[in-house]
Amino acid sequence: MTRPDRPGQSGIRDGLDPQQLEAVLAPRGPVCVLAGAGTGKTRTITRRIAALVDSGQVNPSQVLAVTFTARAAAEMRDRLGALGVSGPGGQVSALTFHAAALRQLRYFWPLAFGDTRWELMDSKFPMVRRAAREVGLDTADRELIRDLAGEIEWAKSSLIGPEGYAARSAGRDVPIRAELIGQVFAAYEEGKLPSSGDWLFDFEDLIIYTAEVLGSTPSIAEEFRSRYRSFVVDEYQDVTPAQQQLLNAWLGGRDDLTVVGDANQTIYSFTGATPDYLLDFTRTYPEATLVRLERDYRSTPQVVALANGVIEKAKGRVAGTRLELIGMRPSGPEPVFAEYPDENSEVVGVVAEIKRLLRAGVDADEIAVLYRINVQSEGYEEALSAAGIAYRVRGDQGFFERPQVRAALRRLGTLAQGAPPPMAPAQAVRAALSPLGYAESEPSGVQTKVNWQQMTRLVELADEVLAERPDRTFADLVRSLHDRARTGGDEQRGVTLASLHAAKGLEWDAVLITGVHEGSVPLGRASKSPEEVEEERRLLYVGVTRARQHLHVSWSLARNEGRAATRRRSRFLDGLVPHEKPVASLPEASTGPDKVVFEALKQWRSDYAAENELAEVNVCSGNVLKQLARILPADTGALSRVSGMTADRVDAIGTPILAVIAAHRS
């Protein structure tokens, strides 16, 4: 007989498809659920926990469910609460790996080590800086310190010590010689040892020491295992060797374990995550129940078809577990593929598509722009601000709010208050930003590259400002950059801007994936090995599967306007883009902008802006003027096909623009 405060088997079964039901009702013991994107994995694992509790096989307080984000853990707790999975024996513990380890280590540490105390560091950054100083490195280079901290995190998550770092890090994109990083790692670990105070732990230590305490103290292990008897691990493809070691210590040879994951959504290998434990699960537990969830309830059949197309060409061991998703939602629009001549045109085109979606009734909160690296958000932040569309940047600060960019703006502001520099404004900006990481060529090291990209984007932004008004002084230029920095989006509501990594686990009605060209997706450095290329393919797959209904995939053929079209769209789209010309391609143009028309359009824009008390950039950008002068549209139909000439803009200023072009074209 089921308890009255629980839903009972009938309630647990409600709304489940046959495969979900198989996973939910599988007998107690090892269960592996291969769950594709949008297939209801959270519903399935929470219903499984409810079924185990309802059938009396386990008490709620004996279940430990772990995942990787606080948001996912909270959702699991909410769903279990709605299912009534609680009682006199307590409730299920649904936590992140680190939260579970922190709770256990605080409880068991005194039993193992008595009065010896430890303290959790808020950040390893100061300790890494001190260790780098001991080795003789330049500790003023913040990006180097960030890179070193990242390498230490990867090594510890991979159960690699300082002495083994150099040998095991072959092939990684490291900022300095691996042997030097190993020395910094050793000095870092030495610096955490107590001299007179407490032990210092970082977040990786929580996992490592909890496993060590359970593995080395039988009485503690017995107490823990008498408390927790059943385990659930979500996103099992993202487990690191250190986390697997902790899971093994929790289990202590038992096999009451349910894991859920999708190896084709493995996108965190650079942090130490590996899908090997998921792929090897049925070898580790030959009697395990294996269930495949392939019915996608999130996305339309059109989005699902593209997702399947992206991942079906995957290679390697991970590809062997590929799930063929089946779209269960009603039919929707076909994905849109858009090719642009340059990055600025792509930004303009993507924002135009966002405006179309908003006019069609899609809520701004249900629209996301996704990109490969965070620095790519800047163009969209600026364009959305200019268009009056609220936005929020997820997983990273807005471009102008990033510490390195703010420091660069402060430096430029200080220099602008002094004597005019003895060089052209563009060169003065480059010289000012060189000490902060700007260089003509791309450096090594992940964080160093990120900072270099930010400084490079700031230089490009200065060049764009000067292109609009070449007569600006250095002080004028710096003021314009500060003005742009003051335009920002609503961090709470609006269109979401996020990297593909930050989008994992989320979903929107409309998704616009940008920069899908070689060198970005896959990222240039990913071509070093087939494994890295395959992870980049999986990253695009994750991006595609975030869309419920509308999907827009775009790329550009050059970085800046006027540059040779040296790029090509991502190899991951080969065979997936319809043969017809992408909707955003512009009409073939001659050699370049008509200079007479361009100058006439600039003068018209200046007059129009002054008459209507507008900023010139809010009338239309310099890039739009160049496109107009190159294409020379003769009617509103041709005008509307120019990137940046939205329907609203054509209605407002189309007639005078056509008149200027007609009056000055050769």
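Where in the protein chain is confidence lowest, and where is it highest?

1. Confidence is lowest in strand 3 (residues 86-87), with a mean of 59, and highest in strand 17, at 98. Here pLDDT is the predictor's confidence in each residue, from 0 to 100; strands (E, at least two residues) and helices (H or I, at least four) are DSSP runs numbered from the N terminus.

2. This is a predicted model, in which local features need pLDDT of at least 70, side-chain atom pairs count only at pLDDT 80 or more, and totals for chains, interfaces and linings use all residues. Residues are numbered from 1 along each chain as its sequence is written, and side-chain values use heavy atoms, with hydrogens and water left out.

3. The chain averages a pLDDT of 87, and 91% of the residues score at least 70. Over residues 1-7 the pLDDT is below 50, and the stretch has 15 contacts beyond near neighbours in sequence (contact: heavy atoms within 4.5 Å). For residues 583-591, where pLDDT stays under 50, the model has 17 contacts beyond four places in sequence.

4. An open sheet of six strands runs in the order 13-18-17-14-16-15, with parallel pairing (a pair needs at least two DSSP bridges). Strand 13 (336-340) and strand 15 (391-394) are at the edges with a single partner strand each, so one side of each lacks a neighbour in the sheet.

5. Strand 13 is joined to strand 18 (residues 547-556) by five bridges. F337 has V553 in strand 18 as its bridge partner.

6. Helix 15 (residues 301-311) lies across strands 13 and 18, at about 50° to strand 18 (axes are lines fitted to C-alpha atoms, for helices over the stretch in contact; angles run from 0 to 180 degrees between N-to-C directions).
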